[in-house]
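Please examine the sequence and the model shown below. The paragraphs after it are meant to be read alongside the coordinates.

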Amino acid sequence: MSKTVATTDSSKVTQQSRFLNARTIPLLATLAVFVLLYAIGAVRYHDRNFFTVQVFIDFLVDNSFLGIVAIGMTLVIITGGIDLSVGGLVALCTVVMAKLMTPAYMDPLTRLLIHCHILNAANACVTMYYVAPILSWLVAIAVGLTMGFLTGCAVRYFKIEPFIATLAGLFLARGLALVLSTESIDIDSGVVRGLNDVGFHLGRVQHFVPLAAGLGIVAIGLVMLFVAPFGRRLLAMGGAKPMLLGAISYAALFAIVLYILSRMGVQRWGVTIGGWVSAPVVVSAIGVIAGLVMLFCVPIGRKFIIAGRSKVFKTTAAWLLGIVTIALLLSHVGLNRWGVVLPSAWLSIPTVASIALIAAAVLALSVLPPGRRLIAQGGAVSMLAILIAYALILVSVVLFLRGLVYERVLLPFPALVLLAVVVIAAYISFFTAFGRNLYAVGGNEEAAHLMGLPVGRTKMLVYMVSGLCAAIAAIVMTVYQPAGDPIGATGMELDAIAVAVIGGTLLTGGAGNVFGTFIGVLIFGIIPTGIGMEGSLSSYWARVAIGSLLLIFVVLQRFLSAGAYRKD
Amino acid sequence: MKKQSNEAAPRFHSHREGLYRSLLPLAAFILILIINTIFTKNFWHVDIRNHQFFGTIFDIGRQASPEILMALAMTLVIAGTKGIDLSVGAVAAMAAGIAALYLIAPHPMSLAVIIAISLGAGAVAGLWNGFLVSYLGIQPFIATLILMVAGRGIAQLIVQGQIITLPVTSPICNTFCAMSNGAWFFIPIRFYIVAIVASITWFLARKTVIGVYIEAVGGNETAAKYCGINAAAVKLFVFAFSGVCAALAGLILTGDVRSADPNTLALNDHNELDAILAVIIGGTAFTGGRFNLFGSVVGALIMRTLMIQIFSSDMTWGYALVLKAVTVIIVCLIQSPQFRALFGRGISRRSK
């Protein structure tokens with residue numbers, strides 16, 4: 001906790017650049033592009049279920065290997081390097097795994113055991129079917145790490161350009177994959193097949209909504225408290241503990257209310273409560289009540305009232321309006337399922353969503369303290385930033401709720417792995433010494449060296465991390481399509497670089513963000529999907545579109561970094 | 001500590017080092033030729049079919065031609081910008097697609113015009129790269145990556161996603177293919193093309209002021225600017241040149257197989273990476289400034305000789321890639337002062 005307060009104090013001086021600087025603008029621009037593309041897709045193809053969780057999860061699954069590789073690539077690029085070997089490495093790992101999992105290529109140890117009659121052949125095959133996959137994953141990971149280690153050594157000790165060293169790695173890995181097998185090997189393994197069905201069941205709406213709402217509100221509350229300026233001011237005024245307790249108790253209250261309501265309306269919302277009470281009314285009423293409770297019973301709201309009497313009514317109005325719009329959104333979410341028929345057809349979800357977004361953003365900017373402060377401080381650009389932030393929160397909430405209402409949604413294994421890799425990479429890059437070294441080395445190698453940071457070790461490790469990511473991507477790939485393909489993943493390294501750049505990573509090093517890369521992957525997924533749904537456009541436009549996006553981002557970064565992060 | 005900071009300082013290229021760099025690839029090539037002379041049957045055997053020379057040694061030249069073209073231009077790009085041109089494969093595919101489209105048109109224009117249009121398209125693509133690099137200040141790697149990513153799509157759009165085959169019945173297509181496959185005085189025409197382009201490049205780089213400009217801009221851009229050199233124009237030039245060479249290579253490759261297949265040209269063949277490889281083997285350093293055109297040509301020939309060696313000995317494509325990787329690693333290690341300091345104190349001291 002003390003750490004948070006400390007950063008609060010030190011960042012006061014540079015408050016203006018806290019939200020908008022050369023590091024955050026590319027990330028925000030990525031977010032904006034994603035939201036824009038997603039909104040266009042949602043409006044244009046809403047009859048084709050574009051705006052559902054399932055399609056969203058498909059983006060994740062179809063691009064999970066690219067995403068995992070791109071995360072590793074992002075870390076490498078942050079140090080100012082590049083890793084071209086990943087495409088070949090992924091192919092090599094899949095082939096190695098496929099070979100190890102195929103009985104025909106039984107490993108020498110098993111063969112020896114059979115030869116000595118310790119293991120009989122039939123049992124060995126069964127063992128292969130179930131045990132070999134796990135061993136082969138370990139081997140694949142070892143291959144990835146070794147490759148990364150070799151590249152890292154070349155870069156660290158012999159000062160070979162990362163581009164050349166990893167180019168050699170690309171040829172080596174791809175070549176070894178082709179030496180092992182010239183054609184694709186099918187994988188037939190119980191564990192791999194089983195993994196196809198493994199996933200995290202997000203569950204049905206009745207159980208999920210309260211949980212998601214509770215978690216979401218806690219998350220938003222925490223972000224507001226510790227990240228948004230006004231939350232931090234509150235912390236400074238009243239201490240962290242009561243605030244946290246207030247936020248948690250408020251979230252818990254909200255979750256309980258939602259849970260009870262959802263239990264009541266197991267069949268259809270509103271119907272059980274009474275024929276005349278339709279969902280929007282109920283939800284709006286809850287919203288109003290929740291808003292009032294929030295203002296007068298919860299510490300945050302009370303602090304507001306204490307802070308300035310004249311602001312009370314404005315603030316109340318803002319909260320209520322915001323909650324009512326969310327309630328309206330929620331009610332439209334239940335368009336089909338809850339049997340609520342809207343007055344006219346044009347009032348579709350995207351329309352309402354965009355109106356609500358604009359309303360919420362305008363309100364947030366003009367009435368809420370952080371919005372007002374941002375306007376006072378930074379003008380139009382800040383407004384854009386806050387608008388995007390609010391829009392994203394709203395869109396993601398609406399998106400998830402809408403999809404979950406309709407069906408039981410499974411978050412499959414590849415998507416889970418991708419999310420796990422993103423979270424772990426984020427933790428490593430933001431909260432560990434190694435992560436901070438990455439940024440330091442990329443920002444100014446000489447300075448990092450003079451500060452006594454382990455420049456060489458960091459560089460070597462980051463290539464190993466990239467190799468590890470490639471191995472994980474290969475594992476996920478074999479689950480997604482059970483085969484080891486020596487010419488698979490061709491050009492993946494360049495796609496990964498493109499994703500990282502679209503995600504706001506500066507190729508000169510020192511700036512970048514794994515979350516940006518994650519959003520970049522989503523953008524990478526949306527474009528082909530959208531073009532596929534358009535129907536009339538040839539799929540090659542996807543390449544052109546990605547190239548154009550790349551151009552826009554590179555130019556944007558260039559202009560942003562012209563002042564702050566010029567390296568030469 | 002002191003030693004480390006010494007290593008971080010920019011490397012100083014003495015004259016000896018330059019000589020060393022340029023003689024090494026040639027020595028390697030000669031060594032490979034000698035080994036082949038001894039161990040490969042009929043390595044120097046040449047016979048005449050269809051009024052042109054055939055034989056292993058000519059096959060190496062034939063297959064290396066497009067690569068040499070790209071490598072020559074890549075050398076100038078590396079020397080002048082300290083960066084690389086990743087888009088050559090995509091540009092080759094685009095130029096090939098354009099040429100094929102005009103060639104199979106019902107009433108085709110004259111061949112010279114078609115070739116000029118294709119090369120012009122390559123030049124435009126190169127100028128675009130140059131514009132991004134010199135006027136927007138984007139790193140060459142990423143600037144050309146844009147065209148590489150988009151170029152694959154554009155090339156596919158040009159040919160509508162199909163592989164355009166040049167029909168044998170069309171005279172203009174036959175003439176076009178003859179420029180790639182044919183021979184003049186028993187020597188394949190593409191050898192003349194390569195020779196002409198190489199001479200032009202050599203002339204520009206060594207006998208005109210352009211070469212000095214490229215070295216100056218690549219060596220120290222700020223200093224070059226203070227000397228009154230228009231660095232932006234120099235960069236524009238090298239990229240445009242690279243675009244034209246890539247387009248020419250694309251046309252030769254198209255004539256070779258009588259079809260324009262953007263996917264193979266832009267993606268599967270790794271043309272850009274092969275060209276970079278040739279330059280690296282040729283001894284041009286990525287530190288910019290100094291370059292070695294002759295080395296790049298020899299580098300491309302070395303690579304191709306090794307490839308042919310592999311294919312003729314019934315090994316798969318995989319071994320070829322592994323061999324490429326090993327070659328690059330060895331060459332880079334030899335060029336790395338740190339590595340030489342480890343094993344050959346004598347060499348590194350003499351070169352200083």
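In this predicted model, the charged end of B:Lys324 sits over the ring of A:Phe171, 5.1 Å from the ring centre.

Over all chains, the count comes to ten aromatic pairs. One of them is formed by A:Tyr38 and A:Phe59, whose centres are 6.5 Å apart and whose planes make an angle of 85°, an edge-to-face geometry. This pair links distant parts of the chain, with A:Tyr38 in helix H3 (residues 24-44) of chain A and A:Phe59 in helix H4 (residues 53-62) of chain A, 21 residues apart. Both A:Tyr38 and A:Phe59 are buried. A further edge-to-face pair consists of A:Phe163 and B:Phe141, with 5.5 Å from centre to centre and 80° between the planes. Because A:Phe163 belongs to helix H10 (residues 162-180) of chain A and B:Phe141 to helix H6 (residues 140-158) of chain B, this pair joins two chains. Both A:Phe163 and B:Phe141 are buried. Ring pairs also connect A:Phe34, A:Tyr38 and A:Phe59 into a cluster.

Chain B may now be considered as a whole. Its secondary structure includes 17 helices and six strands. The chain has 352 residues, of which 54% count as buried. Among contacts in chain B between residues at least 6 apart in sequence, 72% join residues at least 24 apart. The accessible surface of chain B comes to about 15,500 Å², and 67% of this surface belongs to carbon and sulfur atoms.

B:Thr201 is found in helix H8 (residues 189-207) of chain B. Its relative accessibility is 1%, so B:Thr201 counts as buried. Leaving aside residues up to four places away in sequence, B:Thr201 touches B:Leu72, B:Leu76, B:Phe241 and B:Leu293.

Where a disulfide requires a pair of cysteine sulfur atoms within 2.5 Å, the count over all chains comes to zero disulfides.

Key
Residues numbered from 1 in each chain as written. Chains lettered and ligands numbered in written order. Predicted model: local features only at pLDDT ≥ 70, side-chain atom pairs only at ≥ 80, totals over all residues. Heavy atoms only, no water. Helix = DSSP H or I, 4+ residues; strand = E, 2+ residues; numbered from the N terminus. Buried < 20%, exposed > 50% of the residue type's maximum accessible area, 1.4 Å probe, protein only. Contact = heavy atoms within 4.5 Å. Areas by Shrake-Rupley, 256 points an atom, 1.4 Å probe, with all protein chains shown as cover. Phe/Tyr/Trp six-rings, centres within 6.5 Å; stacked < 30°, edge-to-face > 60°. Lys NZ or Arg CZ within 6 Å of the ring centre and 35° of its normal.
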